[in-house]
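Colleague: I would like to go through this model with you. Could you take my questions one at a time?

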Amino acid sequence: MAKAAKDQEMEKEKVKLEGMDPEKMKEEMLSKYPTKVARKRAKGIVVNRVEGEKVPQIQSNVRTVPGLIGQRGCCYAGCKGVVLGPTRDIVNITHGPIGCGFYSWLTRRNQTDASTTPDGHNFMPYCFSTDMQDEEIIFGGEKKLKQAIQEAYDIFHPKAIAVFATCPVGLIGDDIHTVCREMKKKLGINVFGFSCEGYKGVSQSAGHHIANNEIFKHVIGTNDEVDEGEYKVNLLGEYNIGGDAFEIERLFDKCGLHLVSTFSGNSSYDKFAKAHTADLNMIMCHRSINYVAEMMETKYGIPWIKVNFIGAEATAKSLRKIARYFEDPKLMERVEALIAEEMPAVEKARDEIRPRTEGKRAMMFVGGSRAHHYQELFNELGMTTISAGYEFAHRDDYEGRKVLSEIKVDADSRNIEELKVEPDEKRYRPRKTPDQLEKLTAENLLADYEGMMPQMNDGAMVIDDITQYEADWLIETFQPDIFCAGIKEKYAVQKHGIPMKQLHSYDYGGPYAGFTGAINFYKEIDRMVHSKVWRYIKAPWQEHPELAATYAWD
Amino acid sequence: MLLKHTPTEVHERKALTVNPAKTCQPIGAMYAALGIHGCLPHSHGSQGCYAYHRSTLTRHYKEPVMAATSAFTEGASVFGGQANLLQAINNMFTVYDPEVIAVHTTCLSETIGDDIPQIARKALNDGKIPEGKYVIHASTPSYVGSHVTGYSNMVKGMVDYFSETSEHKSKVINLIPGFVEPADMEEIKRIADEMGIKHILFPDTSKVLNGPMTGKFKMYPEGGVTVADLKRTGASMGTVAMGRIATMAAARALDAKCKVGCEIIDLPIGLHATDLFVDTLRQMAGVNVPDSINFERGQLLDVISDMHQYFYGKRVGLVGDPDQLLALTKFLVSIDMVPAYAVTGTPAGKKWVKAMEEATADVPREVKIKSGGDMFLFHQWIKNQPVDLVIGNSYVKYIAKDEDIPYVRHGFPILDRVGHGYFPTVGYKGGLRLLEKILDALMDRQDRDASDIDFELVM
């Protein structure tokens, strides 16, 4: 009797996912893998359970298992593609064979408005490469790189040139940094390099870090000119996919926030150079850019807060957070007025659409922050995220920054330089008094990110670096109403008969940020989960194969 | 202006490529490998390579593109990728159960010098390759040639690994298509079928990268040349290889290995190239050309004659892959258009340049031809002397928009339109489609630009 009661109690404690035991599901999913692989994957697949502040530990930012087919790209993609991709007025030269430069040419949807800088430079529609040939692999490519930088300067006269190393460059030992220093001296413009060879680290994440380091070393703080304007802020980790940054800029304009720089959507080199003059850093994509925020805090005394402009509620919350930071009633008023002005349209759209989307189930496997941020929008539509994960995040993006001190630095991370940063003698300026800082910190406002898992339901399956097999298994098992990932996953998901929303490129839609973006997204999801096409999979004769006798042949 | 920094004045560049008209070998190898039934292509390099190749192929076809990677880390780059590839082979066969794993190398693994056949042998000896399954490979260093070279190398790999010599040649003809669309491969087969010829087409991406929506995702779609057929290519009576740069290596290898004679002809794009294809097939197989083919030919000819006034003297700028450019150029010349510029990023060699010069020898104006060029140069040529039409992949749209020139998408990659996977541009039917596209582009412009007075129902 006592045993039965205990069993019952234990049964009660078990979390469920759609009436099933997710731990068992996980076991079943892993059973196809070779033993060692299953053991490794098991640590990156976690059934969520939120107990107070605690969530289960998830293995992440570790090597991809060869042969399993996943989502991840490389270090170069994270550096040149993601962080530096949207820099319109830097001539970004890929040093390597032609492929890497070619594939990262206009394939991320970074919109930009070059009319906002006086010279109007915009090199984003261009692809620059040294197109290394076998003779350079054998004899070295430094000479060609130098010549390429010279030619880029002669033709385009940019204010800065950046060089990105690809895999073979590291192997043959080309010293891109010495070449850059020489050319910087010779040309009198800023020339700097990124050792972002594709094999470094375990994913794009290493490339983000390297991009942060070099931009911090070579660009930020090189122009001390201070902009006019109140409430000077930087927006970090916003890449202006589908015009998201434009929508956020609109909101900032309306409440009178002065955007010194954005890293790096709709950005310009000159704005990077004076980013250190801002009074607050706001982080959108925590994974790709938190390094710069931390280094700027140490060196220049700029505090940072985590913001999220994906989701109308999240946008309102983030705006209030900013106003709270500045502790200025005027700004608070403006923020409240803006929210009051924008929300009715959002609510109208949501109320109209939500009855049709309520209760539907989503899965999302994307990036290092979007799998978290987009849950906000699905929540607003009454939809549940039953499984989610990141492609290249670290534990802090899942479990929150409180676990940072527990994360062991492995060999792959150790290879990525950690800059030693000291307060700048001239430029360090505390933005808040110690008392103010203490108060804001106590409110969890500063330098805090709680991660994705604390906001997810118990029982949800959290999967890091998901494989093709696992994605197929999830889809077949749960038949979600919508699946979100990237282009490589898109059409396999749709062959299953499930609508698939790309959250890297937005399927060429957007913006989805801010209030207008939320409305766009509600409409998009409404369209997708109700598209008639999914009902046409069976032809009439497959639905009703019986033949009418009248017309049957003998 | 999108490309506002492109100056009209051309300066020689020795080191900087701007807006490439090619990409790297491995993607071509991946594409070719997808044309084997039940094949999982495998990229032996950093995971970025396969991610980029899969993304580009997926955007081009809007279809699943399955492939795996050795996922090199810094350690693998120092110590070699053997352990990664062995693990990958075991995982792929266990989890994804392919018939064939087609490994291609990358600049990384080539620079290290990994010996793929040796690693594959080790996998076999370790029992990691199940009975009746295969691991094949092609060496595809990204710093040599282009995506077309990679395609060529993987197709040759199919011959090297599978073709079996036979004393008794059967009445079958091998067809090796260049780096063309699945729809083109389908059309090549249809023409051979129409002529009553038994054939083995390899690689064959039809029904792989233009598959149906069925509500079921199939890791290995219906299409693709089977391993059994690849083995039988050595017993065929001859090979027709279409597009010298993409297919000659495989055709010659098959001749050397299994004594199967080959004819290397142009890609069958346009009237004369299709004539040559049909005639080569006819002679090799000893068959008569059926009336149905004559009928199709006549239809193409009919449209050329009906619409000749719109083609005549129009200057065309072409950028793309060398085999396509040669065939397209000949087609344009045959309908009295003027191929003014032809640029390929692929280092296509002197023979190609000579063939292009011969193809345009009778064109009354100067024709600029560049092997190993880029789209930046192509654009500068256009700025110096405009053209009436540009033909090229999706990246050409920036030039077309800036210069306000009618534009036909053709080649690889086409990331922003559909159709190329479903409708061929080879054969007489493909010729019709090309003409339709060219006429639509030219005549839409004519309609758009006409004043209200000049505007007519038929112009």
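Colleague: In which sense do S2 and S3 of chain A pair, and over how many bridges?

Modeller: Strand S2 (residues 90-95) and strand S3 (residues 128-129) of chain A pair in the parallel sense over two bridges. Within this pairing, Thr94(A) stands opposite Ser129(A). Strands here are DSSP E runs of at least two residues and helices are H or I runs of at least four, numbered from the N terminus; two strands pair if DSSP finds at least two bridges between them.

Colleague: What should I know about the source and numbering?

Modeller: This is a predicted model, in which local features need pLDDT of at least 70 and side-chain atom pairs count only at pLDDT 80 or more, while totals for chains, interfaces and linings use all residues. Residues are numbered from 1 along each chain as its sequence is written, and chains are lettered from A and ligands numbered from 1 in the order in which they are written.

Colleague: What is the strand order of the open sheet?

Modeller: The five strands run S5(A)-S4(A)-S2(A)-S3(A)-S1(B), with mixed pairing. The edge strands, S5 of chain A and S1 (17-18) of chain B, each pair on one side only.

Colleague: How does S3(A) pair with S1(B)?

Modeller: They pair in the antiparallel sense over two bridges, and Val18(B) is the bridge partner of Phe128(A).

Colleague: Changing topic, how many residues does each chain give to the contact?

Modeller: Chain B gives 61 residues and chain A gives 64, where contact requires C-beta atoms, placed from the backbone, within 7 Å. Among the elements of chain B that give two or more residues to its side are S1, helix H2 (47-61) and helix H4 (82-96).

Colleague: What about chain A overall?

Modeller: Chain A has 23 helices and 14 strands. Its C-alpha atoms fill a box of roughly 85 × 65 × 55 Å along the principal axes, and 57% of its 554 residues count as buried.

Key. Contact = placed C-beta atoms within 7 Å. Buried ≥ 20, exposed ≤ 12 C-beta atoms within 10 Å, placed from the backbone.
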